[in-house]
Amino acid sequence: MKSFLLLIVITSSLVAKSQKVDSIFVNLYTDSLKKGTYNYINVDGLLANGNYLPLDSTQIFFSSSHGKFYGNSLWIDRDFKEEKIAIKVALKNNKAICKDFVMYIKKKEDNERLKTTEEILQEMRNDARKKKNNIL
């Protein structure tokens, strides 16, 4: 019975060690933040066993110089006038493991019109014709 309990303790300590986050990485999907929308901040933890684990607001603290966090998403008000925001993320169970970074606010408006499926297909047909004519 004692050896069985010892085995359980050793196994659980190995499992707990493999789930310990050694460092965190911020993976940004964009180079700037948009005003008037939620900006998702993706944070991964590097585990002691070499695997990566996506982290969320249950495991890390988010703070910023402006805006408000809702989970991993930072809301920036449309009327925000500054050009950048300082962001900090830190593990809740070990605040020494943290990342500080600055993100700039997107300046260009998102009013670009996307091509329709038909327009894309027509361009592909035209490109194919041009290639065919150049070969002949």
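A search of the whole structure, a predicted model, finds 4 salt bridges. A salt bridge is counted when a side-chain nitrogen of Lys or Arg lies within 4 Å of a carboxyl oxygen of Asp or Glu. Side chains of opposite charge can pair when their charged atoms come close. Residues are numbered from 1 along each chain as its sequence is written, and side-chain values use heavy atoms, with hydrogens and water left out. Local features need pLDDT of at least 70 and side-chain atom pairs count only at pLDDT 80 or more, while totals for chains, interfaces and linings use all residues.

One of the salt bridges joins Lys20 and Asp22, at 3.9 Å from N to O. Lys20 is partly exposed, with a relative accessible area of 49%. Asp22 is also partly exposed, at 38%. (Buried means under 20% relative accessible area, exposed over 50%, and partly exposed in between, with a 1.4 Å probe and protein chains only.) Lys115 pairs with Glu123, and their closest N and O atoms are 2.6 Å apart. Lys115 has a relative accessibility of 47% and counts as partly exposed. Glu123 is partly exposed at 37%. Arg125 forms a salt bridge with Glu118, with 3.4 Å between the closest N and O atoms. Arg125 is partly exposed at 35%, and Glu118 is partly exposed at 48%.

A nonpolar surface patch of about 260 Å² is made by Ile120, Leu121 and Met124. Patches consist of residues with over 30% relative accessible area and no salt bridge; like charges are joined within 9 Å, and nonpolar side chains (Val, Leu, Ile, Met, Phe, Trp, Tyr) within 5 Å. Accessible areas come from the Shrake-Rupley method with a 1.4 Å probe; for residues, only the protein chains shown count as cover. Ile120 lies in helix H2, residues 117–135. Its relative accessibility is 40%, which counts as partly exposed.

Helices (H or I, at least four residues) and strands (E, at least two) are DSSP runs, numbered from the N terminus. Two strands pair if DSSP finds at least two bridges between them. Angles run from 0 to 180 degrees between N-to-C directions, and axes are lines fitted to C-alpha atoms, for helices over the stretch in contact. S1 and S4 (residues 42–47) run antiparallel and are joined by 6 bridges. Asn27 has Asn42 in S4 as its bridge partner.

Another open sheet of 3 strands has the order S3-S8-S7, and its pairing is antiparallel. S3 (37–40) and S7 (68–70) stand at the edges with a single partner strand each, so one side of each is left without a neighbour in the sheet. Neighbouring strands of this sheet are turned by 35° against each other on average, direction ignored. S3 is joined to S8 (residues 73–76) by 4 bridges, and the two run antiparallel. Thr37 stands opposite Ile76 in S8.

The largest nonpolar core has 21 residues. Such a core is a set of buried Ala, Val, Leu, Ile, Met, Phe, Trp, Tyr and Cys residues joined through side-chain atoms within 4.5 Å. Ile24, Leu33, Ile41, Val43, Ile85 and Ile87 have the most contacts inside it. At least two residues of this core come from each of S1, S4, S6 (60–64), S8, S9 (84–91) and S10 (98–105). S9 supplies the largest share, 4 residues.
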